[in-house]
Amino acid sequence: MRERLPKSLKTLRLLESLSPSSIINGEYESIVPLLQRFRTLTPDINGAHEEYRMISSFYTQEIIDKNINVIQFWIKVHDNKDAVGNSRFENISKFALNLFCLPFSKASVERVFLAIKKKKNRLRN
């Protein structure tokens, strides 16, 4: 199994940097490797990285104590506005929320192709 998933395991480890506890406890200094791995989800890697580093100054341990899930946390981060009404963490919050929308498996797509293959084989063409 390790031979099949070496890149995926590394990516899963990088995803831990988006958990509320990792952010608030400052467990990850940089999320640039994760941002680079999913480059199409954020146009401004440096801006997203800077926003990531600032999040811990706006949220405290009580967020973790409330058992808030990851999606709720990132929605809360996205809704954090400055005095003018602009999102403080627009780049990183959009990146995280878009990343969590990606399918974690290709199984459903492969099932569709298998069903089509069964119905439309060489004999039925």
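Reader: Is Asp44 buried, partly exposed or exposed?

Author: A caveat comes before the answer: this is a predicted model. Asp44 lies in the loop between α3 and α4. Its relative accessibility is 34%. Buried needs under 20% and exposed needs over 50%, so Asp44 counts as partly exposed.

Reader: What is the C-alpha separation of Asp44 and Asn91?

Author: Along the chain, Asp44 and Asn91 are 47 residues apart.

Reader: Thr42 is in the loop between α3 and α4. Does Thr42 count as buried or exposed?

Author: The cut-off for buried is under 20% relative accessible area. Thr42 has 3% relative accessibility. Therefore Thr42 counts as buried.

Reader: Which residues is Thr42 in contact with, leaving aside neighbours within four places in sequence?

Author: Set aside the neighbours within four places in sequence. The contacts of Thr42 are then Leu35, Ala48, Asn91 and Phe95.

Reader: What elements make up the chain?

Author: The run from the N terminus is α-α-α-α-α-α-α-α. Strands number 0. The count of helices is 8.

Reader: What share of the chain's residues counts as buried?

Author: The chain has 125 residues. It exposes about 9300 Å², with carbon and sulfur atoms supplying 53% of that area. The share of residues that count as buried is 27%.

Reader: Among contacts between residues at least 6 apart in sequence, what share joins residues at least 24 apart?

Author: Take the contacts in the chain between residues at least 6 apart in sequence. Those joining residues at least 24 apart amount to 52%.

Reader: Which residues of helix α4 are buried?

Author: Helix α4 covers residues 45-55. What covers its buried residues includes α2, α3, α6 and α7. The buried residues are Ile45, Gly47, Ala48, His49, Glu51, Tyr52 and Ile55.

Reader: At what angle do the axes of α4 and α7 cross?

Author: The two axes come within 7 Å. Angles from 65 to 115 degrees count as roughly perpendicular, so α4 is roughly perpendicular to α7. Gly47, Ala48, Glu51, Tyr52 and Ile55 of α4 make the contact with Glu90, Asn91 and Ile92 of α7. The axes cross at roughly 95°.

Reader: How far apart in space are Gly47 and Ile92?

Author: Gly47 is found in helix α4. It counts as buried, at 17% relative accessibility. Gly47 and Ile92 are 45 residues apart in sequence. Their C-alpha to C-alpha distance is 7.9 Å.

Reader: Why are α6 and α7 described as roughly antiparallel?

Author: Two packed helices are described by the angle between their axes and the distance between the axes. For α6 and α7 the axes are 9 Å apart. Angles over 145 degrees count as roughly antiparallel. So α6 is roughly antiparallel to α7 because the packing angle is about 150°.

Reader: What is the handedness of the crossing of α6 and α7?

Author: The α6 side of the contact is Val70, Ile71, Trp74, Ile75, Val77 and His78. The α7 side is Ile92, Ser93, Lys94, Ala96, Leu97 and Phe100. The crossing of α6 past α7 is left-handed.

Reader: How many salt bridges does a search of the whole structure find?

Author: Side chains of opposite charge can pair when their charged atoms come close. Another joins Glu90 and Lys94. The search of the whole structure finds 2.

Reader: What is the N to O distance between Glu90 and Lys94?

Author: Glu90 and Lys94 are 4 residues apart in helix α7, which means about one helical turn separates them. Glu90 is partly exposed, with a relative accessible area of 35%. Lys94 counts as partly exposed at 40%. The salt bridge between their side chains, N to O, is 2.9 Å.

Conventions
Residues numbered from 1 in each chain as written. Predicted model: local features only at pLDDT ≥ 70, side-chain atom pairs only at ≥ 80, totals over all residues. Heavy atoms only, no water. Buried < 20%, exposed > 50% of the residue type's maximum accessible area, 1.4 Å probe, protein only. Helix = DSSP H or I, 4+ residues; strand = E, 2+ residues; numbered from the N terminus. Contact = heavy atoms within 4.5 Å. Salt bridge = Lys/Arg side-chain N within 4 Å of Asp/Glu carboxyl O. Areas by Shrake-Rupley, 256 points an atom, 1.4 Å probe, with all protein chains shown as cover. Axes fitted to C-alpha atoms, helices over the stretch in contact; angles between N-to-C directions. Parallel < 35°, antiparallel > 145°, perpendicular 65-115°, else oblique. Left-handed = near helix turned anticlockwise from the far one by under 90°.
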